[in-house]
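User: I've got a structure open and I'm new to this. Can you walk me through some charged pairs?
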Amino acid sequence: MIQFIRFVSFRQFTRRSGLYEPFRPQHKEPGKQREFPHGLHCGNTPPHIAGSRVPVEVEAKKEHRTMVRKKVVRPIAELARKVREYRALKERPRDSQKYALDLETMTRPYSGKKLPVLAWEDVRRESRLFSLLCGLRLFGVGRLFTRKSWLQEHEEPCYWRITKVKVDYSAENMDHGKAWGILTFRGKEDCEVKEVDKVMYHDWRLVPKHEEEELKGFVAVPEPAARFVTYPPLLRAMILAEARREGRVPRQEPLLDLQRGGPLGKDFHPEQEKEREQRGAAA
């Protein structure tokens, strides 16, 4: 005897057997949680959420969640950018081209700029820093160098002690590059090694070895602290206006005493007013 078996869905089977309990959501106030029946999941509810509580606000946030756009990787464009930077680095002018000088016209051929007239005499008589370094042993590392302008402006010793040199070997006479050293300005020595600036100026001089000990042995005299300073512009104008109003002509510039004997007390201003009244009565 042939029996015909009717295939039914899982939902129909659970409904007929009484295992399925339809979910009927209750109307509740917004912001409250809604409960799911325990046991089998129903409808489109995933099994791992069945029997748990999910806030309505969380579901709303999930619906309105925006997708973050991923950064597009463009390896060819990145490689092209690096190639452009490398070419720009290679094509930049060297110091020997940038600071080349025509002694007849006193003009730099690369930029077309003309040197000021006051610098023409120094260009013909003085030397640049690397013009001196290229003729010394180890490119002058350890030697002292000063400038003509420092010798004319300051009585205290001012010099550079060279510690490192990077020469531009592509230059014709290797008289260009960068140098680092320790600066001693007006007898005060810096603690850090810095790059020497203005190496292309024509006013550098080499300190002879028999004068190095004299420069190194110089002891800087501490500067005395300032006792009087000028008033700020607005306060100075107020003091002068008050003096004109009282009929007094100040013989000297009003100065502020930084080393006042005692602190300003509560009786300071009344005493000042009494002194002004006495001056007015005497006048």
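User: How many salt bridges are there?
Analyst: The count comes to 15 salt bridges. Keep in mind that this is a predicted model.

User: OK, which residue does E126 meet in a salt bridge?
Analyst: E126 meets R205, with N to O at 3.1 Å. E126 sits in the loop between α5 and α6, and R205 is in strand β8. The two are 79 residues apart in sequence, so the pair ties together separate parts.

User: Is E126 buried or exposed?
Analyst: E126 counts as buried, because its relative accessibility is 15% and the cut-off for buried is under 20%.

User: And what about R205?
Analyst: R205 is partly exposed, with a relative accessible area of 33%.

User: What does E156 pair with?
Analyst: E156 forms a salt bridge with R186. Their closest N and O atoms are 3.4 Å apart. This pair also links distant parts of the chain, 30 residues apart. E156 is in the loop between α7 and β4, while R186 is in the loop between β5 and β6.

User: How accessible are those two?
Analyst: E156 is partly exposed at 25%. R186 is partly exposed too, at 36%.

User: Where are E242 and R276?
Analyst: E242 is in helix α9 and R276 is in helix α10. They are 34 residues apart. A salt bridge joins them, with the closest N and O atoms 3.3 Å apart. E242 is partly exposed at 25% relative accessibility, and R276 is partly exposed at 40%.

User: Let's stay with α9. What span should its 13 residues have?
Analyst: Helix α9 covers residues 233-245 and should span 18 Å, at 1.5 Å a residue. Its end C-alpha atoms are 18 Å apart, so the two values agree.

User: What comes just after α9?
Analyst: G247 does, and it takes a positive phi of about 85°.

User: Back to charges. Which residues are linked with R81 in a network?
Analyst: E78 and E85 are.

User: New topic: which residues form the positive surface patch?
Analyst: R92, K164, K166 and K178 form a positive surface patch.

User: Where is K178 found?
Analyst: K178 is in strand β5, which runs over residues 177-185. K178 is partly exposed, with a relative accessible area of 43%. Patch residues need over 30%, so K178 passes that cut-off at 43%.

Technical notes: Residues numbered from 1 in each chain as written. Predicted model: local features only at pLDDT ≥ 70, side-chain atom pairs only at ≥ 80, totals over all residues. Heavy atoms only, no water. Patch = residues over 30% accessible without salt bridge, like charges linked within 9 Å, V, L, I, M, F, W, Y side chains within 5 Å. Areas by Shrake-Rupley, 256 points an atom, 1.4 Å probe, with all protein chains shown as cover. Salt bridge = Lys/Arg side-chain N within 4 Å of Asp/Glu carboxyl O. Lys, Arg positive; Asp, Glu negative; His and termini not counted. Charge placed at Lys NZ, Arg CZ, Asp CG, Glu CD. Helix = DSSP H or I, 4+ residues; strand = E, 2+ residues; numbered from the N terminus. Buried < 20%, exposed > 50% of the residue type's maximum accessible area, 1.4 Å probe, protein only. Expected span 1.5 Å × (residues − 1).
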